[in-house]
Amino acid sequence: MWRKENGNICNAKAHPLRMRVLRIALDVPVAKIFEYLIDGATPVEPGDRVEVPFGARPRVGVVVEIAAASSVAASKLKRVERVLDGAPRLPAEWLEQMRFLSSYYQRPFGETVAGALPARLRSLKPLPKRAKSAADNASEKAQPPVGGHAPNPAQARAIESISVALGAFRPFLLHGITGSGKTEVYLRVIAQVLARGLQALVLVPEIGLTPQLEARFRRAFPSSHIAVLHSALEDTARTHAWLDAARGDASIILGTRLAVLTPLPRLGIVVVDEEHDASFKQQEGLRYSGRDAAVLRAKLAGCPVVLGSATPSLETWFNGGAGRYTLLTLPERAVPGARLPTVRTVDLRLESAENGLAKQVLEAISARLARGEQSLVFINRRGYAPVLACESCGWAAGCTRCSARLVLHASAERGREPGAGSLRCHHCGARENVPRACPTCGNVDLRPLGRGTQRVEETLAVLFPAARILRIDRDTARKRAALARTLDGIGRGEGDILVGTQLLAKGHDFPNLTLVCVLNADNALLSTDYRSAERLFALLAQVGGRAGRREQPGEVLVQTRYPAHPMFRALMRHDYAGFAASQLAEREGAGFPPFVHEAALRAEAKKVDSAMMFLRAAARLLEVPASVQIYDPVPHLITRRAGVERAQLLLQSHSRPALQEFLRLWSAALPASSSSGVRWHLDVDPIEFD
Ligand code: ADP
Ligand code: ZN
Ligand code: ZN
């Protein structure tokens, strides 16, 4: 049929260079695969990048299929300009991964493909050239990681279980308390993967953890080519790392969630460290879970995947309990003699906390100073004070573009008047000067309320004038390299008192740190988000896990007004399993994940009413199957963000396929985003509701 209709160009006999139809993914915001023609002589395969005319300018597309025929008249199809070279062909397995992610997270295929490529591969510019690196995989022998410890029995069991599973898909949950030697297990297993000539993909959270882990991997595998991938890399570096991975030149790929989207021709194992971490979930565009994508990736590649954590996400723990994941446990700290820290609550109802620090906490810090040990004061809030308020009329400084409060930041130098600083919005980045007087009543006596890292640092400097105090938060650690240097310094004993946010909580190994003080845990306890207890437990276990990683015992003091809260009880006993069981029972009773599957439809508009109206109409748009439940729309907690008002509605279902099918029909039926002044997106398996 097709040949007859388009005989003028497609008759194979008359034209040895018979035209073929290429189905091509383009980065345009419509869920469509585009068709182009290419002559028969040009070698081309699915996975090749091509230059095609599109509208006014040429674009880069990715060939996903070579079709025998087109539903469109060939005379209407344009021709591919050229096949681009320089990058390896994208493997079928990678295209399969993109197909799955695009359909599961309800985003156009072309956008999904383009979003997974570094900017340079989406452009028509020639790729940067580089000589092949000296590290050559063929020379890698079955060597254990350099400088490793002889595994203890629990580690040996874990290593053995994973090793025998190499070569086939199998998900493992490596549940090991902080400092139990999980990284050591990864390194040993990876050594075996490298010995087979295969690649290892290691995913880590977004938060400043990469430098330390990178250094550890480089020490362990000095002759291996390690590619590092994260969002803070500049273009060329990212392109090189990506190409090294995709060509198979790099044998270890260490990166944040986006690394899971890299083509890897010889993938032999996937590791997700701190798998519970919220930063594995992308919060824009393709809202994928890097952890879930990692499991999918391993399945497609036919290799094991190891999800490691001291405090697994309840989803993963549930999968472990259900036997879908093989559970491996490291119950003890790996360094002989090192023990988990003693955790105690400091009851703020009985003990007043002048300047935010209870007497017990100050005494504990003094004792560490006297012994030459380090203390960590943890407060999950940067800046000087979270609120600047007028006590005579109740005014509080708020962002004009968001419905959030502005946070008072002191100027850089210590000891300046807080008025010399600025007001900053932690949601949209807006900055304002500190007003001299209350804008509503003219009162000049504006008060900072509450405290952030800067204020705690200031207080400690007054109380312990001889101590070296280091503050680590996103304001002091703008640059990764600088943060890495600071963290190394702390590891070598620099700094007596560390004041920090969660930047300091995760993964780091500070041998001389024996005390962790948590100042403001209660905010999270009072949150309405059903995930907040899980998150707080994980955070406190992580931050507490920094203490006592060597022979000296560690101590964790948590200031709270709710010392009897079951979360603290579990934390004091280091009873993750007990905590998880009670949380899962609550979730099951209340009908929350992992017992149901969720998706959110979010709308943004100039007025919250328009967003709400859009959502109400959306809920009535299609007949909803009985297995899917749609809830009423609600404005976000912080309704206005960066000048737009936001609302969302939640969908739940016990059946993932039913929810998926409904989302597919629904997103096709909804009016194009931003067509009527309302922008919308779907978030599948959402984890943030603010
Ligand atoms: P995790 O990743 O579980 O937090 P790490 O792998 O970082 O734990 O190990 C914590 C500390 O224990 C590190 O200093 C590491 O060198 C050490 N360690 C790991 N395994 C052993 C072992 N088998 N014997 C002695 N020390 C070990
Ligand atoms: Zn006032
Ligand atoms: Zn703002």
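This is a predicted model: local features need pLDDT of at least 70, side-chain atom pairs count only at pLDDT 80 or more; totals for chains, interfaces and linings use all residues.
Trainee: How many residues surround ligand 1, and which are the closest?

Mentor: The shell holds 19 residues, and the closest are His149, Gln155, Lys182, Thr183 and Arg216. By type, the shell divides into 6 nonpolar, 7 polar and 6 charged residues.

Trainee: Which helix gives the most to that shell?

Mentor: That is helix α6 (residues 182-195), with 3 residues.

Trainee: What about polar atoms: which atom of ligand 1 does Gln155 approach, and how many Å away?

Mentor: Gln155 places a polar side-chain atom 2.8 Å from a nitrogen atom of ligand 1. Thr183 also uses a polar side-chain atom, which lies 2.7 Å from an oxygen atom of the ligand. Ser180 contributes through its backbone, with an N or O atom 3.2 Å from an oxygen atom of ligand 1.

Trainee: And how much of ligand 1 does the protein bury?

Mentor: The ligand taken alone exposes 560 Å², and the protein buries 87% of that.

Trainee: Changing topic to the loops, where is Arg333 found?

Mentor: Arg333 sits in the loop between β12 (326-330) and β13 (342-347).

Trainee: Is Arg333 buried or exposed?

Mentor: Arg333 is buried, because its relative accessible area is 7%, under the 20% cut-off. Its C-alpha atom is separated by 7.0 Å from that of Ile177, a residue 156 positions away along the chain.

Trainee: On to the aromatic rings. How many aromatic pairs are there?

Mentor: The count comes to 10 aromatic pairs. In one of them, Tyr104 and Tyr105 have ring centres 4.8 Å apart and planes at 85°, so the pair is edge-to-face.

Trainee: Are Tyr104 and Tyr105 buried or exposed?

Mentor: Tyr104 counts as buried at 9% relative accessibility, and Tyr105 counts as buried at 4%.

Trainee: Why is the pair of Tyr530 and Phe592 called stacked?

Mentor: The planes of Tyr530 and Phe592 stand at 15°, with the ring centres 4.1 Å apart, so this pair is stacked. It links distant parts of the chain, 62 residues apart: Tyr530 is in the loop between α14 (522-525) and α15 (532-544), and Phe592 is in the loop between α17 (576-590) and β24 (597-605). Tyr530 is buried at 16% relative accessible area, whereas Phe592 is partly exposed at 26%.

Trainee: Which residues do ring pairs link into a cluster?

Mentor: The cluster consists of Trp317, Phe537, Tyr576 and Phe579.

Trainee: Now the backbone. Which peptide bond is cis?

Mentor: The bond from Pro593 to Pro594 is cis, with omega near 5°. Pro594 lies in the loop between α17 and β24, the loop that also holds Phe592.

Trainee: What is phi of Gln106?

Mentor: Phi of Gln106 is near 60°, a positive value in a residue other than glycine. Most residues other than glycine have a negative phi. Gln106 lies in the loop between α3 (92-104) and α4 (109-116), and at 15% relative accessibility it counts as buried.

Trainee: And what is phi of Glu274?

Mentor: Glu274 has a positive phi as well, near 55°. Glu274 is found in the loop between β10 (267-273) and α9 (290-301) and counts as buried at 7% relative accessibility.

Key. Residues are numbered from 1 along each chain as its sequence is written. Chains are lettered from A and ligands numbered from 1 in the order in which they are written. Side-chain values use heavy atoms; hydrogens and water are left out. Rings of Phe, Tyr and Trp (its six-membered ring) pair if their centres lie within 6.5 Å; planes under 30 degrees apart count as stacked, over 60 as edge-to-face and the rest as tilted. Buried means under 20% relative accessible area, exposed over 50%, partly exposed in between (1.4 Å probe, protein chains only). Helices (H or I, at least four residues) and strands (E, at least two) are DSSP runs, numbered from the N terminus. A residue is near a molecule or strand if one of its heavy atoms lies within 4 Å of it. A polar contact is a pair of N or O atoms within 3.5 Å; within protein, one must be able to donate a hydrogen and the other to accept it, and residues adjacent in sequence count only if both atoms are side-chain atoms. Accessible areas come from the Shrake-Rupley method with a 1.4 Å probe; for residues, only the protein chains shown count as cover. Ala, Val, Leu, Ile, Met, Phe, Trp, Tyr, Cys and Pro count as nonpolar, Asp, Glu, Lys and Arg as charged, and the others, Gly among them, as polar.
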